Amino acid sequence: MNMHTISRRRLLAAGSALTGLSLAGCATTDSGPSIGRVVVVGGGFGGATAARYLKMWGGNVDVTMVDRNPQFVSCPISNLVLGGYKQISEVTVGYEGLKAMGVKVVQGEVTAIDTAGKRVRLADGTQLPYDRLVVSPGVDFMNEAIAGLATPAAQAKFLHSWKAGPQTVALRQQLTAMRDGGVVAISIPKAPYRCPPGPYERACMVAAYLKEHKPRSKVLVLDGNGEIVSKKGLFEKAFADRYKGILEYRANAELKEVDAGNGVAKLEFEDVKADVINVIPPQRAGDIARSAGLINQNNRWVGVNWLTMESTAVAGIHVLGDSTMSAPLMPKSGHMANQHAKVAAAAIVNLLKGEAVNATPVVMNTCYSFVSKTEVVHVASVHQYNAQQKQFLTVPGSGGVSAAASEVEGRNALSWANNIWSDMLSKA
Ligand SMILES: Cc1cc2nc3c(=O)[nH]c(=O)nc-3n(C[C@H](O)[C@H](O)[C@H](O)COP(=O)(O)OP(=O)(O)OC[C@H]3O[C@@H](n4cnc5c(N)ncnc54)[C@H](O)[C@@H]3O)c2cc1C
């Protein structure tokens, strides 16, 4: 039985529920009249998963996904590119699978969301009307929080490499060009930020590269937080056992200012001079979420109804992933964005059909971190919707962290990445 057959049957079964629904200009898909138009802004972990699952579960939903980039480039595993253990091509996946699923994939910059007129505007003037909108733009950077970082020259020198792609490759080039005996500083913002364990994994990958190829060099980890914010004991052990003498970790070392001319990072009480300075700035919901008026939490994040992922600021817009105000102990991760997308896709299909949404969603997360080129540690958690608190809460006793780093987990981490890329982007 192919998917179109299932879709047609589901449509027939849902026939009575469809009565009275706007048929979105009576558009048709290849599996019958469309039950609604959904536009997805962002083709990353949240957006691509939502687009794919809307087609799988909704079938005859019109789905258009817009991303500024021609291909998906994964942040997970991109720290291995910095170590020289992977190429950027190995963390890059095309959108052909989604197109084969029937998703209209548009490459373009979304410049505005007309929330009253229910249309999305692209830089080239294209307008995309929607019945429901999914917004998963990831994060943008609060460069203004660090004096001196607002200029293009400073941003070109102090790379974030916190969106995988050209900056990942450029930071790798800075590392390979550095002299043996040089210093690499990595500045970590105060939480919350995208991928809590990511900066510490990055420190391990850079230290592993230096240990092997430039052993007189050093990695200085300048953490704006009071302590390592994820997998603390495991990273402390990795730093002490594997990178002693190469990696120096400093807590409460929040970056206040950068001096692009002299290559200096200024902390509260000292100036740090380094050959390479990787500045991961503080973050907030993506620019498009801000300009659309979706940010309503701490002036940084988007509040959502966790049963549908619908914005609490603007009806009809479902926001996923890093842009959301995270539930307690819920990380900003690719795995979690993928889970948000499934909650949203199921709810949108229900809402378009006039059906009730799932009242008891459960989501989960696993984040793997490489501490050497082959050995990995993980953290996992399960989050269940609590109707009284209208919130996802962690399930007591669920999840946890690895007992120790291992190569078995190294293989699991690579399998996790391949599986989730497939879950987002492959043809069913
Ligand atoms: C170094 C690093 C390592 C990480 N490792 C892991 C890991 O091991 N496991 C894990 O689960 N997570 C990991 N993460 C976190 C993970 O990458 C993010 O949490 C995840 O990408 C969030 O998904 P998202 O959909 O919110 O945003 P994204 O995946 O960033 O997708 C946003 C998309 O929207 C597009 N976009 C934004 N605005 C516009 C616009 N105006 N017009 C058009 N397109 C637009 C962007 O181009 C992008 O493709 C890591 C992150 C980093 C930086």
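K390 is found in the loop between β25 (376–386) and β26 (391–394); strands (E, at least two residues) and helices (H or I, at least four) are DSSP runs, numbered from the N terminus. This is a predicted model, where local features need pLDDT of at least 70, side-chain atom pairs count only at pLDDT 80 or more, and totals for chains, interfaces and linings use all residues. Residues are numbered from 1 along each chain as its sequence is written, and side-chain values use heavy atoms, with hydrogens and water left out.

K390 is not a glycine, yet its phi is positive. C195 also has a positive phi without being a glycine. C195 sits in the loop between β13 and α8.

| Residue | Phi | Relative accessible area |
|---|---|---|
| K390 | about 50° | 60%, exposed |
| C195 | about 65° | 25%, partly exposed |

Exposed means over 50% relative accessible area, buried under 20%, and partly exposed in between (1.4 Å probe, protein chains only).

The loop between β13 (183–188) and α8 (198–213) also holds P192. The peptide bond from A191 to P192 is cis, with omega near 5°.

The structure holds one cavity of 30 Å³ or more (a set of points on a 1 Å grid over the protein atoms alone where a 1.4 Å probe fits but cannot get out; lining residues have an atom within 4 Å of a point). The largest cavity has about 40 Å³ of space, a volume being the space filled by probe spheres set on the points, which are joined across faces, edges and corners. Its lining includes G321, D322, K332 and H340. The lining residues divide into four nonpolar, five polar and two charged. Here Asp, Glu, Lys and Arg count as charged, Ala, Val, Leu, Ile, Met, Phe, Trp, Tyr, Cys and Pro as nonpolar, and the others, Gly among them, as polar.

Conventions: 1 Å grid on protein atoms, 1.4 Å probe; cavity = no way out; pocket = protein on both sides within 12 Å on 5 of 7 lines; lining within 4 Å.
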